[in-house]
Amino acid sequence: MNRPKIIINAAMSADGKIALVGGKRIKISDEEDFKRVHELRASVDAILVGINTVINDDPKLTVKEKYVPNAKNPVRIVLDSKLRIPENSRILNNAAKTIIATTKTAGHRELNAEIIRCGEKRVDLKCLMKELWNKGIRSLMVEGGSTVIFSFLKEKLVDEFYVFMGPVIIGGSAPCLVGGNGAMDENDVLRIKILSCERLGYGILIQYGVEK
Ligand SMILES: NC(=O)c1ccc[n+]([C@@H]2O[C@H](COP(=O)([O-])OP(=O)(O)OC[C@H]3O[C@@H](n4cnc5c(N)ncnc54)[C@H](OP(=O)(O)O)[C@@H]3O)[C@@H](O)[C@H]2O)c1
């Protein structure tokens, strides 16, 4: 299947959480990791997040001038099966093009974004990857959250997987790096490899290898 190269990137605490209990954003990366993330953003054609991340964090998903001067902003993509994105979300600003990936059954809304429809109940990722490829998108950075990371791993739509582990512990029921339905059976566990592990700023950058 023709699809973009897919790079997952996330920051987690020492106990594997990516936000506070209740989903509120927390800064886990330090300046060195932010620089790496913005360089990665600047190097890809598109960045993708789930609708809950847009609702919780209201990210702009642009490349910060401070980390990469004169960079071109990649296309921003939101997985939003029911088209529930708030109209004033910063991801809908004019700083870059935005695509809302939704379903064939979702309603219609006037938004400052292009709409792509794939799947019936939930956005069909394989269909979306094909559509993105047809639009000339050759590289895609997936920035979360947990549910979206689970879907890409489960559907084996991953080429590179980076996790920055910061020196904080959050505990409780905070969202983990990977959410979704999880594995009930040992056979359903996703087996990954550690390709590299290096000290970066005050944390550790791990690159995992995922079977395709
Ligand atoms: N530390 C980090 O690196 C980092 C980065 C990003 C986010 N976060 C945190 O992650 C949390 C949000 O994570 P989350 O798991 O609640 O939500 P999420 O992954 O941001 O969004 C999940 C939602 O996306 C929609 N979706 C549509 N098609 C999908 C598909 N094929 N697969 C998966 N999702 C699909 C679904 O909602 P519909 O059914 O309505 O479409 C789903 O519930 C926030 O607390 C945020 O702060 C942390």
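Colleague: Which residues of helix H3 (residues 125-134) are buried?
Modeller: Heads-up, this is a predicted model, where local features need pLDDT of at least 70, side-chain atom pairs count only at pLDDT 80 or more, and totals for chains, interfaces and linings use all residues. Residues are numbered from 1 along each chain as its sequence is written. Helices (H or I, at least four residues) and strands (E, at least two) are DSSP runs, numbered from the N terminus, and "buried" takes 20 or more other C-beta atoms, placed from the backbone, within 10 Å of a residue's own. In H3, that gives Leu125, Leu128, Met129 and Leu132.

Colleague: Within what arc do the buried residues of H3 fall, seen down its axis?
Modeller: Picture the directions from the helix axis to the C-beta atoms. The buried residues line one face of H3, because they fall within an arc of 100°.

Colleague: How many bridges join E2 to strand E3 (residues 75-79)?
Modeller: Leucine 48 stands opposite isoleucine 77 in E3. E2 and E3 run parallel, and the bridges joining them number five.

Colleague: Which element gives the most to the shell around the ligand?
Modeller: By class, that shell has twelve nonpolar, twelve polar (Gly among them) and seven charged residues. Strand E1 (5-12), strand E2 (46-50), helix H2 (51-57) and helix H4 (146-154) each supply at least two. With five residues, the top contributor is H2.

Methods. Buried ≥ 20, exposed ≤ 12 C-beta atoms within 10 Å, placed from the backbone. Pairing = 2+ DSSP bridges.
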